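Dear colleague,

Please look through the coordinates alongside the text.

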Amino acid sequence: MNSVDRDTLTRYLDESLKPEGFKDYCPNGLQVEGHREIRTLVCGVTANQALLDLAIAEQADAILVHHGWFWRGESGAVTGIKRQRLKTLLAKDINLYAYHLPLDAHPVVGNNAGLAKAAGWQQTGVFGDQRLGCLGTPANGATVATLAADLEKALGRPPFVLAESLDQPVRRLAWCTGAAQSYFEAAIAEGVDVFVTGEVSEPMVHLARETGVAYVAAGHHATERFGVQALGAAVAGQFGIRVAYLEVDSPV
């Protein structure tokens with residue numbers, strides 16, 4: 001079985017995603033150092049205990065996630081759940097890699113790029129804070145109803161839709177995966193017909209009603225499964241190591 005040195009993999013991931021170009025809420029890159037020789041890399045959306053346990057069963061040397069640890073503003077105390085998760089990794093000498101905003105934004109392996117490809121959209125531009133939001137066009141003749149159906153097919157779950165009418169035409173749309181509710185007003189200013197993200201909050205209801213711009217919440221977890229899978233495939237192609245994506249479902 002092929003292997004890759006930890007430092008070599010770290011350098012490849014950092015050079016590919018360029019995390020230094022983002023103002024993020026967490027450290028991006030190697031968050032927990034483990035075994036130097038990596039033969040098996042497990043990918044998942046979030047570094048929760050369930051994923052760690054599955055990775056151990058797969059005899060993983062490293063884990064790659066979108067949602068890692070050490071978020072800005074959280075307590076630095078290593079107690080409770082944080083202690084148990086960290087203990088699990090250290091006991092098995094497993095590396096933890098996490099890339100947040102850099103993995104959303106990457107034009108090839110990013111979450112936004114993956115969602116667009118799965119839903120059949122063409123990207124035409126970017127918008128919003130740190131240019132993380134995407135602008136584009138759906139298939140010809142799209143409506144809110146057909147766009148929602150395409151998302152359901154792509155994600156395996158029906159999206160939550162706020163719209164004056166499901167028959168409303170969609171000629172231009174904006175999207176940003178995950179919890180990008182705050183991008184809605186910027187998307188409206190871009191003149192789109194619909195905005196797609198992962199989550200919804202109460203103020204979005206009124207903005208959608210008062211502007212006529214449809215709002216679609218397709219799931220935080222569901223819209224952010226693409227990046228780690230695409231990046232994992234790139235790692236496998238580059239180094240020939242075993243890479244496995246493990247799904248720990250989330251209804252949010």
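Predicted model: local features only at pLDDT ≥ 70, side-chain atom pairs only at ≥ 80, totals over all residues.

A search of the whole structure finds seven aromatic pairs, and two of them are described here.

In one of these pairs, Trp121 and Trp175 adopt a tilted arrangement, with 5.0 Å from centre to centre and 55° between the planes. This pair links distant parts of the chain, since Trp121 lies in the loop between α5 (111-119) and β7 (122-127) while Trp175 belongs to strand β10 (residues 173-175), 54 residues apart. Trp121 has a relative accessible area of 5% and is therefore buried, and Trp175 is likewise buried, with a relative accessible area of 0%; the cut-off for buried is under 20%.

The pair formed by Phe184 and Tyr215 is edge-to-face, with 4.9 Å from centre to centre and 75° between the planes. This pair, too, links distant parts of the chain: Phe184 is in helix α7 (residues 184-189), Tyr215 is in strand β12 (residues 214-217), and the two are 31 residues apart. Phe184 counts as buried because its relative accessibility is 0%, and Tyr215 counts as buried because its relative accessibility is 0%.

Finally, Phe184 and Tyr215 also belong to a cluster, in which ring pairs link them with Phe195.

Terms used. Residues numbered from 1 in each chain as written. Heavy atoms only, no water. Phe/Tyr/Trp six-rings, centres within 6.5 Å; stacked < 30°, edge-to-face > 60°. Helix = DSSP H or I, 4+ residues; strand = E, 2+ residues; numbered from the N terminus. Buried < 20%, exposed > 50% of the residue type's maximum accessible area, 1.4 Å probe, protein only.
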